[in-house]
Amino acid sequence: MTTNDALVQRADDLLAKMTLEEKAGQISQYFYFRGWTAQNELVEAQVRAGRVGSLLFVADPRETNRLQRIAVEESRLGIPLLFGFDVIHGLRTIFPVPLGMAASWDPQLYERVQAIAAREARAVGIHWTFAPMVDIARDPRWGRIVEGAGEDPYLGAQIAAAQVRGFQGEAIGAPEHVVAGPKHYVGYGAALGGRDYDEVNISESELRNVYLPPFAAAVAAGAGNVMTSYVGIDGVPGAADRYLLTDVLRGELGFKGFVVSDAAAVMDLVTHGFARDEQDAAVRALRAGLDMEMWTGMRIAPGADPTPTVGAFSTLAEAVRRGVIEESLLDEAVRRVLLVKLRLGLFEQPYVDEAAAGTILNDPAHREMARIAAERSAVLLRNEGNILPLDRSAVRQVAVIGPLADDRAATLGPWVFAPDLNATVTVLEGLRRTAGEGVRVEYAPGVPMPARAIPSPFASLAQALGMPASSETSFDEEAELAHAVALARASDVAVLVLGEAADMNGEAASRSTLDLPGRQLELLEAVAATGTPVVVVLLSGRPLDLRRVLPLSAAILVAWHPGSEGGNAVARLLWGDATPGGKLPFSWPRSVGQVPIIYSRLNSHQPSTSHQRYWEEESTPLYPFGFGLTYGQVEYRNLTLSATQIGLNDTIEATVEVHNVSARDVEEVVQLYLHQRYGRAARPVRELKGFERVTLKPGERRTLRIAIPPSARRYWSKADSAYVLDESDFDVWVGGDSTAALHAEFAVRSSTV
């Protein structure tokens, strides 16, 4: 008997002993927050009765052990709980937000980062993360663009697979690792108008060619869980879409793990007008292929006190007894959940070592990796006159200005619930630590950050998890603005830290504009008017409107929300102790009126005038997909292909020479783009199909080889309702962004004879 057969047998033995209520409970997950006394009492009673399979939002090892003991020592069958948590970009050590990590174009780095996040999570008793979010996002108004890898399915697939490997290790159950839960299956990032939770209308071709590839990559990497989307496609909500969950996810992609709903998404089947009542919702979700219901215990709302309630899946026992649904379907879902617990070794070792947790959470190697990740994620958009890196021998005073320069929460970014906030290094602190002897670093916030017009529904959730509430402070706006201007006038350089507060992006944080919030642009204009050179550092989770920022700034460094060591990383980049090399994972629009704007568009009608679709400005991005400067210059030469003609199932190899023609180290991401000239469908003008990040010493030349396998040419054809490979002629471009000019071409024929 194989190991897997033995685990299946153990799961089936347990199933044979379980009541219908215990089975329904095993596929029920509940929120658990301190302070929710009435709901927690209900949940703990359900755990004792064997009617809970998983809890989420518990990150204290003493609490995970206490709750686990109730399940193991007080329930009838002693089945351990599965603890989940949103470990999106770190637990205690916070790394750059996912969009920033994607800008590193470094999957190997991202794998190491998420392995550290998993190590910290497992140390406190967490077994499962609701990450990575692998939704393709092409509308930056959507708040959750910050959680993904941007607009491109190829980059998104590479990043998705790397995160799964980092979280899970070699296999589910690897020491110091957790189960990965890619989300939100599927198409969630295509919500109309970039409005979170709104409907999605996408074609089958777009679904399969754009939105599905990162999920396919995550499944191929071994992901143990998948989370469904709130929204539906063709009117069918994600939690109850049998075609997508069973036919595509399990059938075509070969997914073997368990599927969980997003929070309250089963109950929401009634809200959608899809299900009649909560039992109908539970039955239809289970029949579609959903294995576990995530239930909040309430509808999340600011200041709400949860009314003790159980989820829709609690009605499944009665549904089986009434013959509404087969018990075998219930057993399939329970078996999948039990197998994950068995593979994690929870029956043998259900508890966590509380004494060891602190040591792991405070491992200095984790902070070092956070700094490296923030350095490699930053994207240099502008560097006029090579003002960067700053020269310590020439700069005697630096004015650090802006409301985010000393904002720890904005440095960390959204969707973090268990960080060491006081240990977070802001940009101001980082510059002061690294300035060197004789360099003064002075600070003025200049203007306040505005509050959201519609408050975040997650503010109370964050506080329930131990994050401090924002405090109101008096602020004389005119006096502070004048102080900032005077400070800039007296300094050699002004570093303005601008952008978005932590709660201005993420879930329920969509925006109708991409403008700098509040009076930040006014502050920039006033500082620039002093004549002091201006360096802008952007903290954000999306592209912002920079049309009026560009003429006022000598340099722009996009630092995203860079995490626990963000300030140190930004300072090292500004001083030249580190070299920027990040690249944009999306096309940066000129204004919100352009969105969505993507590089991989179709030629459509009159491609020669595609840059003139708007009459008042160019309809091109301000910065193209893949763009990013470095301190130095790279030249691309000698692009060659291993053949001029290949067969349908052959691989061709591109070879290119990259040369650092500058006198300092450079960081570059070599990118390969492909275009199919004709076929069973019109194909995008170019698509990313390979990349490699390299560090080049001064004067160094390197020859890189990038394979173009058949999978790079495969696409979904509406005409065939299948994935196809076409005979066609193909263009290849290699360079530093999606406008690369170095070109070659080859032909694909059914026979090369």
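How are α6 and α15 oriented to each other: roughly parallel or roughly antiparallel?

## Helices α6 and α15

The axes of α6 (residues 107–123) and α15 (residues 354–361) cross at roughly 155° and come within 8 Å. α6 and α15 are therefore roughly antiparallel to each other; by convention, angles under 35 degrees count as roughly parallel, over 145 as roughly antiparallel, 65 to 115 as roughly perpendicular and the rest as oblique. Axes are lines fitted to C-alpha atoms, for helices over the stretch in contact, and angles run from 0 to 180 degrees between N-to-C directions. The crossing of α6 and α15 is left-handed (the near helix is turned anticlockwise from the far one by less than a right angle; clockwise would be right-handed).

On the α6 side, Arg119, Glu120 and Ala123 meet Ala357, Ile360 and Leu361 of α15, where contact means heavy atoms within 4.5 Å. The residues of this contact divide into 4 nonpolar, no polar and 2 charged. In this division Ala, Val, Leu, Ile, Met, Phe, Trp, Tyr, Cys and Pro count as nonpolar, Asp, Glu, Lys and Arg as charged, and the others, Gly among them, as polar.

## Basis of the model

The model is predicted, and local features need pLDDT of at least 70, side-chain atom pairs count only at pLDDT 80 or more, and totals for chains, interfaces and linings use all residues. Residues are numbered from 1 along each chain as its sequence is written, and side-chain values use heavy atoms, with hydrogens and water left out. Helices (H or I, at least four residues) and strands (E, at least two) are DSSP runs, numbered from the N terminus.

## Helices α1 and α14

α1 (residues 3–17) packs against α14 (residues 327–343) at an angle of about 125°, with the axes 9 Å apart. That angle makes α1 oblique to α14. The crossing of α1 and α14 is right-handed.

The contact involves Asn4, Leu7, Val8, Arg10, Ala11, Asp12, Leu14 and Leu15 of α1, together with Asp331, Val334, Arg335, Leu338, Leu339, Leu342 and Arg343 of α14. By class, the residues of the contact of α1 with α14 are 9 nonpolar, 1 polar and 5 charged.

## The open sheet and strand β15

An open sheet is formed by 6 strands in the order β11-β16-β15-β14-β12-β13, with mixed pairing; two strands pair if DSSP finds at least two bridges between them. β11 (379–383) and β13 (440–444) are the edge strands, each pairing on one side only. On average, neighbouring strands of this sheet are turned by 20° against each other, direction ignored.

Within the sheet, β14 (residues 493–499) and β15 (residues 534–539) run parallel and are joined by 6 bridges. Gly499 stands opposite Leu539 in β15. Helix α21 (residues 520–528) lies across β12 (397–401), β14 and β15, and runs at about 170° to β14. In β15, 6 of 6 residues are buried (under 20% relative accessible area; exposed is over 50%, and partly exposed in between, with a 1.4 Å probe and protein chains only). Val534, Val536 and Leu538 point one way from β15, whereas Val535, Val537 and Leu539 point the other way.

Met101 lies in helix α5 (residues 98–102) and is buried, with a relative accessible area of 0%. Not counting residues up to four places away in sequence, Met101 touches Pro96, Leu109, Tyr110, Val113, Ala373 and Ser377. The C-alpha atoms of Met101 and Ile159 are 8.9 Å apart, at a sequence separation of 58 residues.

In helix α9 (residues 213–220), Pro214, Phe215, Ala217, Ala218 and Val219 are buried. The buried residues of α9 pack against α7 (153–168), α8 (204–211) and α10 (242–252).

## Backbone exceptions

Most residues other than glycine have a negative phi, and most peptide bonds are trans. A cis peptide bond with omega of about 5° joins Ala131 and Pro132; Pro132 is in the loop between β4 (128–129) and α7. The bond from Val595 to Pro596 is also cis, with omega near -5°, and Pro596 is found in the loop between α22 (566–575) and β17 (634–641).

Ala508, which is not a glycine, has a positive phi of about 55°. Ala508 is in the loop between β14 and α21 and counts as buried at 19% relative accessibility. Ser721 has a positive phi of about 50°, is found in the loop between β23 (715–717) and β24 (722–724), and counts as exposed at 51% relative accessibility.
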